[in-house]
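Please keep the sequence and the 3D view open while reading.

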Amino acid sequence: MSTRLDLTQDVGALTARIVDVESVSGDEKVLADAVEEALRALPHLRVDRDGEAIVARTELGRGERVVIAGHIDTVPIADNLPSRVEGDLLYGCGTSDMKAGVAVALKLAAALSEPSRDVTYVFYDCEEIDSERNGLLRLSRNHPDWLTGDFAVLMEPTDGEIEGGCQGTLRAEITTRGRRAHSARSWLGVNAVHAAAPVLEILNAYQARLPVVDGLEYHEGLSAVAIRGGVAGNVIPDECVVTVNYRFAPDLSLEAAQEHVNEVFDGFEVRFTDGASAARPGLTHPVAAAFLAAVGGTPRAKLGWTDVSLFSGLGVPAVNYGPGDPNLAHQRGEFVSLEKIADCERRMLGWLDPRHR
Ligand SMILES: [Zn+2]
């Protein structure tokens with residue numbers, strides 16, 4: 001059975017339609033097929049596909065290209081499908097995160113046959129699960145050329161506000177070592193847990209930076225997130241490991257952030273276990289300035305790590321902007337305001353097509 005999407009429906013009805021096509025991560029084929037079919041019917045777009053990710057673009061030879069992206073998967077259904085409308089609110093799994101944004105992007109793809117800038121639309125799979133399976137990551141590896149542009153907008157839920165860039169994250173293990181002994185004769189050993197006290201003192205005294213990057217203020221943090229040590233109730237432990245998580249602003253590369261952690265814990269044994277780069281908001285770029293002017297509001301810094309970092313890694317500055325409410329994401333009672341979806345569509349149209357201003 002084919003699931004058809006009618007892109008001439010109003011954006012609220014289209015959102016409901018998309019919400020009603022289940023697409024839990026790893027199970028997006030039906031919705032991906034429907035998105036592909038709807039886009040292929042538009043003669044002004046070139047359409048490519050990689051797995052369950054669909055990329056469509058105008059090829060008008062404009063001086064600038066913008067990327068509008070969103071994931072089509074959701075977290076598992078929690079008795080919250082099919083969708084239902086109550087007043088201005090559309091309830092259902094994925095309404096806020098982020099099928100409302102996907103619906104806006106699809107409406108733009110259909111409406112903008114002659115946008116003022118070339119536009120690439122990216123609909124991808126597997127955002128809500130472990131990052132190795134992320135469809136945008138896969139696209140960035142298989143087809144980086146499909147994602148290039150001067151500026152990208154990820155239509156994740158931001159309550160209609162622009163959230164620029166994102167902070168990076170890394171984890172490191174700080175290990176202190178000692179010598180085992182029976183605790184009845186503790187003086188014969190060296191206690192590695194006691195030796196970790198200075199590590200905690202450093203963390204307690206640490207002053208987090210609040211740097212301003214491209215006009216947005218970020219807020220870093222360096223925190224212990226785990227501590228492990230101990231052999232048995234009568235043994236002086238010979239090893240203690242403090243796991244720290246550093247959330248760093250986008251004026252630091254991942255390497256520079258690692259260097260900072262090495263300096264903070266100078267003299268200690270430091271091992272990095274994982275890390276992901278931050279992303280600059282790129283709001284100083286002219287195409288981003290035009291976006292700000294069209295969308296309005298005061299942009300704020302994104303403190304969590306998001307897929308904008310993947311664009312940043314490709315040299316494409318990116319922001320989050322979408323009609324959903326981030327506080328409702330992944331909740332059973334998830335909903336979205338129909339008025340906010342329509343407003344988001346209007347502003348995006350105004351940005352990309354002067355006739356809609
Ligand atoms: Zn999301």
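This is a predicted model: local features need pLDDT of at least 70, side-chain atom pairs count only at pLDDT 80 or more; totals for chains, interfaces and linings use all residues.

Contact here means heavy atoms within 4.5 Å. By that criterion, Val 11, Gly 12 and Thr 15 in α1 meet Leu 338, Ile 341, Ala 342 and Glu 345 in α10.

The chain as a whole comes first. The chain holds ten helices and 19 strands. Its C-alpha trace spans about 80 × 45 × 40 Å along the principal axes. Of the 357 residues, 52% are buried. Among contacts between residues at least 6 apart in sequence, 77% join residues at least 24 apart. The UniProt record, an unreviewed entry, lists residues 168-265 as "domain: Peptidase M20 dimerisation". In the model, that span is 24% helix and 38% strand, and its end C-alpha atoms lie 19 Å apart.

Next is the metal site. Which residues coordinate the zinc ion? The donors are NE2 of His 71, OD of Asp 97 and OE of Glu 156, at 1.9 to 2.1 Å. Along the chain they follow the spacing H-x25-D-x58-E. His 71 and Glu 156 link distant parts of the chain, being 85 residues apart. His 71 belongs to strand β3 (residues 65-71), whereas Glu 156 is in the loop between β7 (151-154) and β8 (163-164). Is His 71 buried or exposed? His 71 counts as buried because its relative accessibility is 0%, and the cut-off for buried is under 20%. Glu 156, with a relative accessible area of 12%, is buried as well.

The helix packing can be followed through α1 and α10. Two packed helices are described by the angle between their axes and the distance between those axes. Helix α1 (residues 11-19) packs on α10 at an angle of about 115 degrees, with the axes 9 Å apart. Angles from 65 to 115 degrees count as roughly perpendicular, so α1 and α10 are roughly perpendicular to each other. Their crossing is right-handed.

Helix α1 also packs against helix α3 (residues 95-111), at an angle of about 125 degrees and with 9 Å between the axes. That angle makes α1 oblique to α3. This crossing, too, is right-handed. On the α1 side the contacts involve Val 11, Leu 14, Thr 15, Ile 18 and Val 19. Their partners in α3 include Thr 95, Lys 99, Ala 100, Val 102 and Ala 103.

The crossing of α8 and α10 is right-handed. Val 287, Ala 290, Phe 291, Ala 294 and Val 295 in α8 meet Arg 347, Met 348, Gly 350 and Trp 351 in α10.

Two strand residues show contrasting surroundings. Ile 54, in strand β2 (residues 53-57), counts as buried because its relative accessibility is 0%. Leaving aside neighbours within four places in sequence, its contacts include Ala 32, Val 35, Leu 39, Tyr 121 and Phe 123. The C-alpha atoms of Ile 54 and Tyr 124 are separated by 6.4 Å, although the two are 70 residues apart along the chain. Val 225, in strand β13 (residues 221-229), is exposed, with a relative accessible area of 51%. Not counting residues up to four places away in sequence, Val 225 touches Thr 243, Val 244 and Asn 245.

Some backbone geometry remains. Most residues other than glycine have a negative phi, and most peptide bonds are trans. The bond from Leu 81 to Pro 82 is cis, with omega near -5 degrees, and Pro 82 is found in the loop between β3 and β4 (84-86). A cis peptide bond also joins Asp 97 and Met 98, with omega about -10 degrees. Asp 97 is one of the zinc donors, and Met 98 is in helix α3.

Phi is positive, near 60 degrees, in Asp 79 and also near 60 degrees in Cys 126. Asp 79 lies in the loop between β3 and β4 and is exposed, with a relative accessible area of 74%. Cys 126, in the loop between β6 (118-124) and α4 (135-142), is buried, with a relative accessible area of 5%.

Key
Residues are numbered from 1 along each chain as its sequence is written. Side-chain values use heavy atoms; hydrogens and water are left out. Donors are N, O and S atoms within 2.8 Å of the metal (3.2 Å for Na, K and Ca); water is not among the atoms, so sites may look incomplete. Helices (H or I, at least four residues) and strands (E, at least two) are DSSP runs, numbered from the N terminus. Buried means under 20% relative accessible area, exposed over 50%, partly exposed in between (1.4 Å probe, protein chains only). UniProt positions are given in the numbering used here, feature names are shortened, and annotations may be inferred rather than shown by experiment. A crossing is left-handed if the near helix is turned anticlockwise from the far one by less than a right angle, and right-handed if clockwise. Axes are lines fitted to C-alpha atoms, for helices over the stretch in contact, and angles run from 0 to 180 degrees between N-to-C directions. Angles under 35 degrees count as roughly parallel, over 145 as roughly antiparallel, 65 to 115 as roughly perpendicular and the rest as oblique.
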